[in-house]
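Here is a structure to read alongside some questions. Each answer sets a value against its definition.

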Amino acid sequence: MRRFFSCLLLANALISLFSGDCAAETVQLGSYPAPVMEMKEQVMDWLKGEGFRVSRETFEQGTVVLEAARARKRMRIGIEPRSPLASSLFLDGMAGQGGDRAVAARLKEYLDAGAAASGARAGTVSPPLPGGVESREGAVFCLRASVSGSPMGFTGFAVDRRGYLVSTAHDLNGVRWVVVGSGTGNEVRGEVVWRDVRRDLSLIKVGRTLHSIVSIGEGRSSPRVGERIFLLSCPAGSRGATAAGLIGDPPAMVNGQPLWQVEMPVSPGDSGSPVFDAEGRLVGMVKGRYRGTLRRGFLIPLDTIRDFLGKGGL
């Protein structure tokens, strides 16, 4: 994806060169916990506030490129996906009065403030985490992988003492090995032994015995709408994060698969996190966040996880 963006910038720079413009350096603005289209709206708001007019917008292979102008100053801003819930941004000052880094600094300050205001999430729940849920923390692992050259973080949980973990599959296309980190900070290598793209589930094997696991057999297939639920996760690479929420609506069919709808904070890195009822029984796994919201997400139901593991021989 980044190669596509770089080629696009190079092509446009060559056009600018032959039209008498001077291409400036590309400034990397960083990564933010929001999908591409959400970040586009934030950038559009900033451009409007700065007096820029968007003259062109292109979208290809998941990457959005905005071309904007103000008086003699022109620039391009690229937004590319790092995961379904996170994006990276780049600014290319094309021509005009210079000051590309000053413009980039103002945009970055604006985006950082927005991320701090909207993405903050408490690391603990209130009232205190139920004991049955707290006892599952040792079975939750922070996962890291390199996807198309970019680091990616997500969550998984142990389901078999022989070294098997389950997580989502949408960030693991072409990935065989991941780094598996425990709450104590120890890390081991894990192998992605099976991916089911349709169910968005993956099975990961580590070469050691896992003493704490989440029981699939004791889970609950049919939590009640309005019931309180609890999330254990690794958002943005942190360890031991928790959040509370509610079952929002009955399962909806999305791309042929049932998904529970929940009212709960969902952050980048939460994909693959186990979700429990107040007794510590598994009810599902975080798939992702509903676009345009910070507190509405989707869970892969327990029955889908059971079927996946059954076909995997567990």
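Predicted model: local features only at pLDDT ≥ 70, side-chain atom pairs only at ≥ 80, totals over all residues.

Q: What makes C142 and C234 a disulfide?
A: A disulfide is a pair of cysteine sulfur atoms within 2.5 Å. Here the S to S distance is 2.0 Å, so C142 and C234 are joined. The structure holds one disulfide.

Q: Why is the disulfide of C142 and C234 called left-handed?
A: The torsion about its S-S bond is about -80°, so it is left-handed.

Q: Where in the chain do C142 and C234 lie?
A: C142 is in strand 6. C234 is in the loop between strand 12 (228-233) and strand 13 (241-254). The two are 92 residues apart. Helices (H or I, at least four residues) and strands (E, at least two) are DSSP runs, numbered from the N terminus.

Q: Why is C142 called buried?
A: Buried means under 20% relative accessible area, exposed over 50%, partly exposed in between (1.4 Å probe, protein chains only). C142 has 11%, so C142 is buried. C234 has 3%, so C234 is buried too.

Q: How do you know that strand 6 pairs with strand 9?
A: Two strands pair if DSSP finds at least two bridges between them. Three bridges join strand 6 (residues 140-147) to strand 9 (residues 177-181), so they pair. They run antiparallel. R144 stands opposite V179 in strand 9.

Q: In what order do the strands of the barrel close?
A: Six strands close in the order 6-7-8-11-10-9, with antiparallel pairing.

Q: Which residues have the most contacts inside the largest nonpolar core?
A: They are F157, L165, V178, V180 and I216, in a core of 40 residues. A nonpolar core is a set of buried Ala, Val, Leu, Ile, Met, Phe, Trp, Tyr and Cys residues joined through side-chain atoms within 4.5 Å. A second, separate core of 22 residues includes A34, V36, I77 and V103.

Q: How does the reach of helix 2 (residues 36-49) compare with the expected span?
A: The expected span is 1.5 Å times one less than the number of residues. Helix 2 has 14 residues and reaches 20 Å from its first C-alpha to its last, close to the 20 Å expected.

How values were computed:
Residues numbered from 1 in each chain as written. Heavy atoms only, no water.
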